[in-house]
Amino acid sequence: MKIFKVEKTLVSTNRIAMMEHKPLLVVVEKDGGTPQVAVDPVGCKPGDWVLCVGSSAARDAVGTKGYPSDLTIVGIIDKWEVANHGNTPS
Amino acid sequence: MKIFKVEKTLVSTNRIAMMEHKPLLVVVEKDGGTPQVAVDPVGCKPGDWVLCVGSSAARDAVGTKGYPSDLTIVGIIDKWEVANHGNTPS
Amino acid sequence: MKIFKVEKTLVSTNRIAMMEHKPLLVVVEKDGGTPQVAVDPVGCKPGDWVLCVGSSAARDAVGTKGYPSDLTIVGIIDKWEVANHGNTPS
Amino acid sequence: MKIFKVEKTLVSTNRIAMMEHKPLLVVVEKDGGTPQVAVDPVGCKPGDWVLCVGSSAARDAVGTKGYPSDLTIVGIIDKWEVANHGNTPS
Amino acid sequence: MKIFKVEKTLVSTNRIAMMEHKPLLVVVEKDGGTPQVAVDPVGCKPGDWVLCVGSSAARDAVGTKGYPSDLTIVGIIDKWEVANHGNTPS
C-alpha cells in the first residue's frame with residue numbers, strides 16, 4: 001500500500017454508470033507530486049494522510065462487488081511525520 | 001485512477017477480434033508526455049481531461065465481459081486546472 | 001495499453017510447457033529503450049508499431065486459456081508518427 | 001518479489017473493516033527511500049530485510065480470503081548484504 | 001515479460017508456508033541494477049539471462065495453484081547480446 005495526502009474532491013459528472021456516486025478524491029504522494037484519484041469509502045477530508053491500496057485489491061476494498069477502482073483509500077493514518085522522506089506532516 | 005488528456009483517435013485496422021470496434025484514444029498525462037492508449041466507453045473528444053482506470057478493473061469498466069483492456073476511460077473531468085502540477089488546463 | 005516497436009524474435013528453447021510455441025517478440029517503447037518481450041497472436045514483423053496490453057488482460061488477449069503472459073500484442077498501428085514524443089515513425 | 005527493510009509499525013485506527021487488525025509495517029527499498037506499507041503475516045521487527053509480494057498474489061499471501069492487500073511480506077531474508085546495490089546490510 | 005540476469009539464490013528460512021521450498025533467485029535487469037526476486041520453476045544458474053513474467057500470470061506460471069508469486073521465470077534465453085541496451089551479454 002502507498003501513502004497519500006488528500007487534496008480535494010474530483011468532480012466528474014459524466015462518468016460510466018458503474019462508478020456510481022462514490023466520492024473520488026485527488027491525492028498526491030507529496031506536495032507538488034503527480035495527482036492521482038482514489039475512491040474514498042472511509043470519509044476523508046483535505047489534508048488527511050491516507051493509506052491506499054492498488055492492484056486488484058482496490059476493487060474489493062470499495063465494498064461494492066465489481067466496482068472498477070485501481071486505487072482505494074483503506075485507512076486514515078493517525079499521525080504521519082516523515083520529513084526525512086520529503087513528505088510534509090499533516 | 002490517473003488523469004489524462006485526450007489527444008486523438010488511434011487507428012489500428014489489424015487487431016485481434018476480442019478488441020472489437022470500440023474506440024481507442026491516444027492519451028497523455030501532460031503535454032509532451034509518453035502517449036498511452038485507452039478504451040473509451042464514454043465518448044470523449046480531443047482536449048478532454050479524463051479519468052482512467054488501470055489494472056484488472058480496466059476490463060470490467062469497458063462493459064463487455066472479458067474485454068482485454070488495461071486502461072479504460074471511466075469519466076470526463078468537469079474542470080481540471082492544475083498548473084501547479086505541470087498540467088495545462090483544458 | 002502502450003505503444004511499442006517490434007525489434008526481433010526472442011529465442012528461448014528452454015521454457016515452461018505452459019508457454020507453448022507461441023512467438024515471443026522483443027519490443028521497445030522507443031529506439032534504444034529497455035527491451036521487453038510480448039506474445040504475438042497477430043503476426044507482426046520487425047519495424048511494426050504495435051499496441052500491447054499488460055496486466056491480467058494480457059492473459060486473455062493471447063486467446064489460450066491460462067496462458068501466462070503479462071504483455072500481449074493486440075493490434076498493429078496503421079500509421080504512427082509522433083516525433084514530438086521522441087519516437088521514430090515506422 | 002521485491003526486497004524491503006522494515007522501518008516501523010503504521011498506526012491507522014480509522015480503517016475499513018476488511019483490513020481487520022493485521023499488523024501494517026512501513027517498509028523502504030533502501031534507507032531514505034519512499035515509504036510503502038506492507039501487511040505482515042510473518043512477524044517482523046524493525047531492521048529486518050524482508051521479501052514482499054505485490055500484485056494480486058499479495059491478497060492470497062495474507063492467508064485471509066479476500067484481504068485487500070497489494071503488498072504482503074512473505075519471508076525474512078537470512079542475510080542481506082548488497083552494498084553494491086546501494087542497500088545497507090541489516 | 002521482462003529480461004533479467006540471474007545473480008544467486010536467495011535464502012529465506014522464515015517464510016510463509018504457502019511459499020513452500022521452491023527456489024527463489026535474485027535477478028537484475030542489468031549489472032548493478034535493483035535486485036528483484038523471482039520464483040524459478042525452470043532450473044537456472046547464476047549468469048543465465050531469463051524471461052520473467054509478472055502480474056497475475058506469475059502465479060499460474062509457477063505451476064502450483066494459488067502460489068503467491070508476482071515474478072516467475074518462464075524461460076532461459078538462448079543467446080542475449082544487447083550491448084546497445086546497456087545490458088551485458090551472458
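**Close-up 1. Salt bridge between Arg59(B) and Asp60(C).** In this predicted model, the side chains of Arg59(B) and Asp60(C) meet in a salt bridge at 1.9 Å, N to O. A salt bridge here is a side-chain nitrogen of Lys or Arg within 4 Å of a carboxyl oxygen of Asp or Glu. The pair joins two chains, because Arg59(B) lies in helix α1 (residues 57–62) of chain B and Asp60(C) in helix α1 of chain C. Helices (H or I, at least four residues) and strands (E, at least two) are DSSP runs, numbered from the N terminus. Arg59(B) is buried, with a relative accessible area of 18%. Asp60(C) is partly exposed at 30%. Buried means under 20% relative accessible area, exposed over 50%, and partly exposed in between (1.4 Å probe, protein chains only).

**Close-up 2. Salt bridge between Arg59(C) and Asp60(E).** The side chains of Arg59(C) and Asp60(E) form a salt bridge of 1.9 Å, N to O. Arg59(C) sits in helix α1 of chain C and Asp60(E) in helix α1 (residues 57–62) of chain E, so this pair joins two chains. Arg59(C) is buried at 17% relative accessibility. Asp60(E) is partly exposed, with a relative accessible area of 30%.

**Close-up 3. Salt bridge between Glu20(D) and Lys22(D).** These two side chains meet at 3.9 Å, N to O. Glu20(D) is partly exposed at 34% relative accessibility. Lys22(D) is partly exposed at 22%. Over all chains, the count comes to 20 salt bridges.

**Close-up 4. Lys2 in a patch of positive charge.** Lys2(A), Lys2(B), Lys2(C), Lys2(D) and Lys2(E) gather in this patch on the surface. Patches take residues with over 30% relative accessible area and no salt bridge, and like charges are joined within 9 Å. Lys and Arg count as positive, and the place of a Lys charge is its NZ. Lys2(A) belongs to strand β1 (residues 2–9) of chain A. Lys2(A) is partly exposed, at 36% relative accessibility.

**Close-up 5. Ser55 with positive phi in chains A and C.** Phi of Ser55(A) is near 55 degrees, a positive value in a residue other than glycine. Ser55(A) lies in the loop between β5 (49–53) and α1 (57–62) of chain A. Phi of Ser55(C) is also near 55 degrees. Ser55(C) occupies the loop between β5 (49–53) and α1 (57–62) of chain C. Ser55(C) is partly exposed at 22% relative accessibility.

**Notes.** Residues are numbered from 1 along each chain as its sequence is written, and chains are lettered from A in the order in which they are written. Local features need pLDDT of at least 70, and side-chain atom pairs count only at pLDDT 80 or more, while side-chain values use heavy atoms, without hydrogens and water.

Note on methods
Patches are made of residues with over 30% relative accessible area and no salt bridge: like charges are joined within 9 Å, nonpolar side chains (Val, Leu, Ile, Met, Phe, Trp, Tyr) within 5 Å. Accessible areas come from the Shrake-Rupley method with a 1.4 Å probe; for residues, only the protein chains shown count as cover.
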